[in-house]
Amino acid sequence: MFEWFSSIQWEYLYDFELAIDSLPFLLEGLRITMIIAFFSMIFSLILGIFLGVARMSKLWFIRWPARIYISFMRGTPLLVFIFILYYGLPVIGIEFTSAVVAGIVGVSLNFAAYSAEVVRSSIMSVPRGQWEAAASLQMNYVQTMTKIIIPQATRIALPPTFSIFMDVVKGTSLASVITVQELLYSARLVSGRTYDSMTMYITAALIYWVVCIVIGYFQNRLEKRYNRYLSDTH
Amino acid sequence: MIEVTSLKKSFEQIEVLKSIDFTVNKGEVVCLIGPSGSGKTTLLRCLNLLETPDAGTITIGNSTVSFNTILKKREIKELRQYSGMVFQGFHLFPHKTVIENLVTAPITVKKGDKATIQQKSEQLLEKVGMSEHKNKYPDALSGGQQQRAAIARALVMEPEVMLFDEPTSALDPQLVREVLKVIEGLANEGQTMVIVTHEMNFAKRIADKILFMDEGYIVEQGEGNQVITNPQQQRTKEFLSLLEED
């Protein structure tokens, strides 16, 4: 134990100078990361809402495809799915012109399944009495959904949705394996050149962390807004 | 005002309503009493089509629906517009203030003039003694206040008939009276009402007609408070004597 401890070359643990010098390069990577993350959040949320509603449909031919899709996406690694998209699909003539687009498609399609589950579970957690009260007031399905159920379900869905958003940001790092020059890819480039893996990957990790802290900040603000109708005892 | 004939309803294998016939005249207050599981609540929910009966017919106002054929959406909509429902658990919309709870349905469903609806809603809140709480969220209210707001919310749709499903069962004893007072006020104004209740003294006081239900049948019915003060059927007597023992 002591030998291992004394063998650490502390000066190599974190090279601030290298970190600062390579920061502009890493931030260029972060820009790509954020582009993929941003579009993936939007697309996965939209697709997730449709899938989640389809998953609850009374019609089996709508419900079952949604179920199978969700099951497949949740049951397979995103990395494998990205490989299928980028290296597999060209075999049947579908080729992505840009790896970034492939990354967005892969991340979106995968996380839509998780969003769908959040949508479904939060809608189902609105008490049945709310549906009944709306029905007794002659509101139809669409009116009940938009005025009564979705506003309440949104509050319930906020924390898990933001967890998904953070996972999306981190999931974009998998796009580096299909040559997308995002944050992790950039860190790896510098690390390969300087042989200072520790500094570069820790820096990359810190940048991901900061992004997620910002996302968490928005989560807090939204939660406060949506919780305003609850008294302090909750 | 209400006419129910041969109404039947089963859940899975259990026959909850075996064959129900009764009428309610305009301006009448009808109380449904009986032991738990007798079918009172199910009967009330059938009147609002929150449960779909298996057979029989229901007439409310000018709308008659037969359950011997497949129910159409239009029929549900038509029958529902004649009745308003007050639930045991209030079911106010928690994300809306008291006044918003009132105005949401008339604005979305009836697409009426907002100012008129707002004004009418405020009058109703005044009537149930909730004016000072109109901008509060339900979560900040006591159970009695929530239920009074829920009554106003049902009234704002101007139903011909008000249906009450054990309106005071979820309330602390000291809050029961304020809700019953509001309901009695409505009775005095001639509002037609069907009330499922366990409050026997309240039923005695307010009812123009009492129906005693047991095991899916209306076992006994009578004008005024006769069913409670002078029961004829053995099962009614047993039920009432059980209540007295408490």
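Visitor: What share of the contacts in chain B join residues at least 24 apart in sequence?
Guide: In this predicted model, 62% of them do, counted among contacts between residues at least 6 apart.

Visitor: Why does the radius of gyration of chain B agree with a compact globule?
Guide: The rule is 2.2 Å times the number of residues to the power 0.38. For 246 residues this comes near 18 Å, and chain B has 18 Å, so the two agree. The C-alpha atoms of chain B fill a box of roughly 55 × 45 × 30 Å along the principal axes.

Visitor: What makes a residue of chain B count as buried, and how many do?
Guide: A buried residue has 20 or more other C-beta atoms within 10 Å of its own. In chain B, 48% of the 246 residues are buried.

Visitor: Which residues of helix α4 in chain A are buried, and why are they placed on the same side?
Guide: The buried ones in α4(A), residues 78-88, include A:I82, A:L85 and A:Y86. They cover an arc of only 80° around the axis, and therefore lie on the same side of α4(A). These buried residues pack against α5 (99-124) of chain A. The face turned away from the buried side carries A:I84 and A:Y87, which are exposed.

Visitor: How do you know which residues of chain B touch chain A?
Guide: Two residues are in contact if their C-beta atoms lie within 7 Å. On that basis 21 residues of chain B are in contact with 17 residues of chain A. α3(B) gives the most to this side, with 4 residues. By class, the side has 10 nonpolar, 8 polar and 3 charged residues.

Note on methods: Residues numbered from 1 in each chain as written. Chains lettered and ligands numbered in written order. Predicted model: local features only at pLDDT ≥ 70, side-chain atom pairs only at ≥ 80, totals over all residues. Helix = DSSP H or I, 4+ residues; strand = E, 2+ residues; numbered from the N terminus. Nonpolar A, V, L, I, M, F, W, Y, C, P; charged D, E, K, R; others polar. Buried ≥ 20, exposed ≤ 12 C-beta atoms within 10 Å, placed from the backbone. Arc of directions from axis to C-beta.
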